[in-house]
Amino acid sequence: MMREPYLADPKETIQVIQRYGFRFQKKLGQNFLIDRHVLEKIIRAAEITEDDFVLEIGPGIGTLTQYLAYHGGHVAAVEIDQALLPILQETLKEYNNVTVICQDILKTDLAALADRYNEGRPIKVVANLPYYITTPIVMGLFESHAPVESMTVMVQNEVARRMQAGPGSKEYGALSLAVQYYAEAYIAANVPPNCFLPRPGVGSAVIRLKKHEKPPVQVADEALLFGLIRAAFNQRRKTLVNSLANGAGLPFSKEELTDLITGLGHGASVRGEALSLAQFGALADAVKEKLTESEAGGL
Ligand code: SAM
């Protein structure tokens, strides 16, 4: 029988940290979980079962890792801070289904890692993320060719709301669209600062991102779609026509862009923040068609 997780307790955590003389590195986003209810909620939201292969990013001293090992099949945990390795060796010694990999997650070849450890199973990513690199980690995982099925991650509260937001709300933006292109997003729990050691200066939330089998909009050119979304939200207060005329690098005049946007049924002064993902998809396809026409005309 595997030992039940025992680290999710402020006293245990402090003892381990003191025994090893560990010093928290703020720049690595080190805020360790010390609340068992939150840990249990993460496991429930991620729907971890003994058949699962789980990728954990940033195991810290192994608090969440113990839960993942206890409930899951195999856990690969990628941690950048070498000072944590001897601690993990101790806290995970009773869990024989964990592989700790000392590496920067942003430099990790996830598809290769999956090939090596997951035996063809889909990957469930579960993490209390280092907040300074939330977006590159999440987008990197979506864009990698690794078979990621879902991500259940602790992020800054405000970032969770942006990921989940829809058109018209003030949190809606490029991140909402990028995340929702790949996944269905829902906030599973709000988590206050006192559930961590040390306490972060911001509120947190657990967000579950369940990857779509295929994106909800099909476009001819994905890179163009994301380029238009970025340009539309770079200058949030401007109209979509002006944002695209100034920031999208398209070879069209303002008049041509106005015609294109009104031709899709929008007002000439519509802002990007009013468009849904499907409407951005239609815009990307219309721009693509016009680009193809003008290339053909130029020949
Ligand atoms: N999972 C632990 C917990 O919940 O108590 C620790 C979470 S802490 C918020 C984030 C962890 O990510 C830290 O252990 C930190 O050292 C690690 N980390 C920071 N940057 C990283 C990177 N680029 N690659 C891998 N791990 C990283």
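Which residue in E6 is the bridge partner of Val-126? In this predicted model, the partner is Thr-152.

That pair belongs to a longer contact. Strand E5 (residues 123-128) and E6 run parallel, joined by 6 bridges.

E6 has another neighbour. Strand E9 (residues 204-211) runs antiparallel to E6, with 7 bridges between them. Here Val-153 faces Ile-207 of E9. Strand E6 itself spans residues 148-156 and is mostly covered, with 7 of its 9 residues buried.

Now the pockets. The largest holds about 600 Å³ of space. By class, the lining has 20 nonpolar, 11 polar and 6 charged residues.

The second largest pocket has about 200 Å³ of space. Helix H6 (134-143) returns here: along with helix H8 (174-182) and helix H9 (222-234), it gives two or more residues to the lining. Among the lining residues are Thr-135, Met-139 and Glu-143, as well as Phe-226, Ile-229 and Arg-230. Ala-174, Leu-175 and Ala-178 also line this pocket. The classes divide into 6 nonpolar, 1 polar and 2 charged.

Which domains supply this second lining? Domain 1 (10-211) and domain 2 (222-297) each contribute at least three residues.

Conventions:
Residues are numbered from 1 along each chain as its sequence is written. This is a predicted model: local features need pLDDT of at least 70, side-chain atom pairs count only at pLDDT 80 or more; totals for chains, interfaces and linings use all residues. Side-chain values use heavy atoms; hydrogens and water are left out. On a 1 Å grid over the protein atoms alone, a cavity is a set of points where a 1.4 Å probe fits but cannot get out, and a pocket is an open set with protein on both sides within 12 Å along at least five of seven lines; lining residues have an atom within 4 Å of a point. Grid points are joined across faces, edges and corners, and a volume is the space filled by probe spheres set on the points. Ala, Val, Leu, Ile, Met, Phe, Trp, Tyr, Cys and Pro count as nonpolar, Asp, Glu, Lys and Arg as charged, and the others, Gly among them, as polar. Helices (H or I, at least four residues) and strands (E, at least two) are DSSP runs, numbered from the N terminus. Domain bounds come from an automatic or database domain assignment. Buried means under 20% relative accessible area, exposed over 50%, partly exposed in between (1.4 Å probe, protein chains only). Two strands pair if DSSP finds at least two bridges between them.
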